[in-house]
Amino acid sequence: MADPAPDLEPVITGLSALSACGRGAEVLYERAAAGEPAFGPVTRFDVSRFRAGAAAQLPGDPVLADELAAVTEEACAAARLSAGQRAGSRLLLAGHTDPAAARLPAADRARHTPAADARTLADRCGLRAGHRAYTTACVAGSTAVADAAAAIRTGSAERVVVAAGYLVDEEHFALFDAGRALAPDGRVRPFSAGRQGMVLGDGVAAVVLESAAAARRRGAPVLARLAGWGRAGDAHHVSQPHPQGTGLARAVRNALHRAGRRPEDIGYVNAHGTGTAASDAAETAGLRAALGDRAALVPVSSSKSVHGHTLESSGLLELVVTVGTLRAGRLPVNAGYLGADERCGLNLVTEGPHRAAPRYALSLNAAFGGANTALLVGAA
């Protein structure tokens, strides 16, 4: 059912991103559109004991709190928010507990929780209307966006800033390597024959969402519309998706229903596409279940093939790429593709530049435990 109150439609008025592709949303989108991966040898810690050795890293030794503050400031500036408008905005932050916090004395751990990080970031950026932390793994960023959109559409918030960040760390690298989820060849090859797994990446992003009426009143630039969103769980396995993608299919259907749109309206899908065998096959099945015949026709790619899997920040970083796609009219390339896999019969974008003018695009994410999200983004 379409939104009966268009003034309360959530719109995106500012965004920014930082990844191994470079600083800023534009360079991230351009690398994705060209299909130019940002992978290289891990330099942040010793990987000699691991099967895999590649990641998509920022240079040097960045500090996550500082990078989150810088990117959030950039998004707020892009949205042209005044100090007063910032003070009336709430912050939703997607991230995870610093692995080093577990080694601190018990009395010090409370200062190193995601909730404490959200409070600190809100204070640094002048966002005074409340804050919340999201730690739901690879759907943390997209879940925060869905909650922000729901708050705006129901009138409980006029404006929400969503931020997310992850920097490749040894603890998570070791965890995924032990589970044989990382690609030994150092490339993400979503939906491709010969895919070997995921590659972790640095990612920090922020977006400003507000009601269409609020944006119009202050003459703010509208970059895109958040037309619909859906969330669903399948609870199939602690780490494996349901092989038929049932949770993802429900999330997509919910997003379409909320926006009052049909599968035929979707012009591009930025897929979860981790490059792992089970996940890509399940996502394909879920898209077929949700979109029917349209699943074989709509262009699909995974921007993880360029910037890597950025865990809690994936949903937000990939939303930034999706907004760039709608604005620029070129579809991101599904990089690393080696050939068809019979379980992944999708219309993959394997060469660029691929010019198109989609009015609506889906950005999909999934997480351990069977959590799934779908964001339906509309052109401005």
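Me: How far is the sulfur of cysteine 76 from the closest cysteine sulfur, and in which residue is that sulfur?

Reply: This is a predicted model. A disulfide requires two cysteine sulfur atoms within 2.5 Å. The closest cysteine sulfur to that of cysteine 76 belongs to cysteine 125, at 6.2 Å, which is too far for a bond. Cysteine 76 is itself buried, its relative accessible area being 0%.

Me: Which cysteine sulfur is closest to that of cysteine 138?

Reply: The closest is the sulfur of cysteine 21, at 18 Å, so here too the separation is too far for a bond. Cysteine 138 is buried, with a relative accessible area of 12%. A search of the whole structure returns zero disulfides.

Me: How many aromatic pairs are there?

Reply: Rings are paired by the distance between their centres, and the angle between their planes then gives the class. The count here is three aromatic pairs. Phenylalanine 45 is buried at 12% relative accessible area, and phenylalanine 173 is buried at 0%.

Me: What is the geometry of the pair formed by phenylalanine 176 and phenylalanine 368?

Reply: That pair is tilted, with 6.2 Å centre to centre and 50° between the planes. Because phenylalanine 176 lies in helix H7 and phenylalanine 368 in the loop between E15 and E16, the pair ties together parts 192 residues apart in sequence. Phenylalanine 176 counts as buried, at 9% relative accessibility. Ring pairs also link Phe45, Phe50 and Phe173 into a cluster.

Me: Which strands pair with E9, and in what sense?

Reply: As a general idea, side chains in a regular strand alternate between the two faces of the sheet. Strand E9 (residues 224-233) pairs with E1 in the antiparallel sense over two bridges, and nine bridges join E9 to E16, also antiparallel. Alanine 224 in E9 stands opposite isoleucine 12 and opposite alanine 379 in E16. Eight of the ten residues of E9 are buried.

Notes:
Residues are numbered from 1 along each chain as its sequence is written. This is a predicted model: local features need pLDDT of at least 70, side-chain atom pairs count only at pLDDT 80 or more; totals for chains, interfaces and linings use all residues. Side-chain values use heavy atoms; hydrogens and water are left out. Buried means under 20% relative accessible area, exposed over 50%, partly exposed in between (1.4 Å probe, protein chains only). Helices (H or I, at least four residues) and strands (E, at least two) are DSSP runs, numbered from the N terminus. Two strands pair if DSSP finds at least two bridges between them. Rings of Phe, Tyr and Trp (its six-membered ring) pair if their centres lie within 6.5 Å; planes under 30 degrees apart count as stacked, over 60 as edge-to-face and the rest as tilted.
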